Amino acid sequence: MSISKSSPSHKNIRLFTTNLPGTPVPKKDRISYLDILRGIAILFIFIANIRYLSGEYFISELQKTAFATTSLDYLVEIFAFMLVDGKFYSIFSILFGIGFAVQYHRMGHDDKVFVPFFRKRMLGLLLIGTVHLFLIWLGDILTLYALIGFVLIWFRKFSDKRLLLWSAILLLMPVVHFAIMYLTDTFYPKYLFALHDQLSSRAMINMLEGENNFTKGAYISITSLTKLIELNLIMPLLRFGSILIEGRIFKVLALFLLGIYAGRQILEHHILSNNILLKKILTWGLVIGLPMNLLRTWVEFSHMEGIIWEFATYLLNALALAPMAAAYCALIALLVTRRPAWLKWFSSVGRTALSNYLFQSLISIYVFYGVGLGYGLSFGYSIAVLFALVVFSWQIIFSTLWLGTFRFGPVEWIWRQLTYGKMIKLRKPVPKATIKTA
């Protein structure tokens, strides 16, 4: 069921219209819900990442007991794992697929225009992601998105049913992939881990003047920027190995395809105005997602060992994350429709999501790493989350002020120029009414 454009709720959720490539989407044609959802995703991705960026993840359990916030840290960690971990990366992936569908729609499904445009777009994203991955932080997701984005082009003409079928198959592929590696004893990513350990150990020993008893936290404590960059050039081996052994490529592609399907429904069937459908998605997402996430959390914090529990982790990841992500998407859509003012503050961050994602890494490294202020490894997860909330509040203010003067976020502006190969004006034109006449 769909609601006509005259429906009151439709005023808050607008559809894209055809627009020339290279020009910003007019404000009246933006889907405000997508900007808000993207901004919310950026917040919770930061909350998930801050464990690693602050060094809290590398603090031993014994050391954590010395913090005054130990009990609170443990509770926050449990709730973050159950309600945040993996869900908002999933939403961000779905949004990527929605963006793909929207761009293809705006270009009139013209392959001669869209395919070269999107390939250039992915090349630009790959360049930005590579800089982030190799020079700033190994937790980068942009490089993976760009590489899978090239593959996504092949699915642009798939029917809705085929998209959903492939998405379902790919969501289960990490389980199958792990089973194959186990049954054939071919855990091929271990070679990347071994190479990383060999190279990083040698580099760390040199950096620490021959000391062999360095800890994981020693990486964050490095005070030399040159030495940190040297180690950063090695760290992506660990990242690539983790991506492969987790089967994350399958999962991300599955969510991209689900996003293409969702994008089509938004553009062609106005599902964001269909409150009945949104409530069904919310209900079923919670009915399936909550029990699976509770079970997933129990397995994680029970510290079960053995191949059965490892296999269970892969299976629960496949069953728990996507349904909860879908429920969150539906819940936010309902809130945007009924109470748009409640979440509008996230919109400016969503419109500058790429810039804010990278700024979160840079700010955290400056505050926590030895090359900056060196506050890492000093407190528990609850304090780290509080820091993330403070930084994000600043990002809301900064993004709002920035977009008052400029058309794009700073990194989005660079990305557009990489895509189109030409200079694009960043500053908004001065309204004619404000121009003084002689």
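Start your tour by selecting L389, a partly exposed residue with a relative accessible area of 36%. What you have open is a predicted model, so keep that in mind as you click around. L389 sits in helix α18, which covers residues 381–405. In sequence L389 and L43 are 346 residues apart, but in space their C-alpha atoms are 7.8 Å apart.

**Next stop: Y191**

Jump to helix α8, residues 190–207, and pick out Y191. Is Y191 buried or exposed? Y191 is exposed, because its relative accessible area is 59% and the cut-off for exposed is over 50%. Select L237 as well: Y191 and L237 are 46 residues apart along the chain, and 9.5 Å separates their C-alpha atoms.

Which helices each supply at least two residues of the patch? Colour α5 (111–136) and α19 (410–420) and you have them. The top contributor is α5, with three residues. Zoom in on L135, which belongs to helix α5. L135 counts as partly exposed, because its relative accessibility is 42%.

**Two helices crossing**

Hide the surface, go back to the cartoon view, and show helix α4 (residues 87–106) together with helix α14 (residues 307–338). At what angle do α4 and α14 pack? The angle is about 70 degrees, and the axes are 9 Å apart. That makes α4 roughly perpendicular to α14, since angles of 65 to 115 degrees count that way. The crossing of α4 past α14 is right-handed.

**Charged pairs**

Time to show side chains. Side chains of opposite charge can pair when their charged atoms come close.

- Select D111 and R156. They form a salt bridge whose closest N and O atoms are 3.0 Å apart. D111 lies in helix α5, while R156 is in the loop between α6 (142–152) and α7 (160–184), so this pair ties together parts that are 45 residues apart in sequence. D111 is partly exposed, at 22% relative accessible area, whereas R156 counts as buried, at 19%. Those two values fall on either side of the 20% cut-off for buried.

- Move to E56 and R51. Here the closest N and O atoms of the salt bridge are 2.8 Å apart. E56 is buried, with 2% relative accessible area. R51 counts as buried too, at 14% relative accessibility.

- Then try R248 and E246, a salt bridge with its closest N and O atoms 2.4 Å apart. R248 is partly exposed, with a relative accessible area of 24%, and E246 is partly exposed as well, at 33%.

Terms used. Residues are numbered from 1 along each chain as its sequence is written. This is a predicted model: local features need pLDDT of at least 70, side-chain atom pairs count only at pLDDT 80 or more; totals for chains, interfaces and linings use all residues. Side-chain values use heavy atoms; hydrogens and water are left out. Helices (H or I, at least four residues) and strands (E, at least two) are DSSP runs, numbered from the N terminus. Buried means under 20% relative accessible area, exposed over 50%, partly exposed in between (1.4 Å probe, protein chains only). Axes are lines fitted to C-alpha atoms, for helices over the stretch in contact, and angles run from 0 to 180 degrees between N-to-C directions. Angles under 35 degrees count as roughly parallel, over 145 as roughly antiparallel, 65 to 115 as roughly perpendicular and the rest as oblique. A crossing is left-handed if the near helix is turned anticlockwise from the far one by less than a right angle, and right-handed if clockwise. A salt bridge is a side-chain nitrogen of Lys or Arg within 4 Å of a carboxyl oxygen of Asp or Glu.
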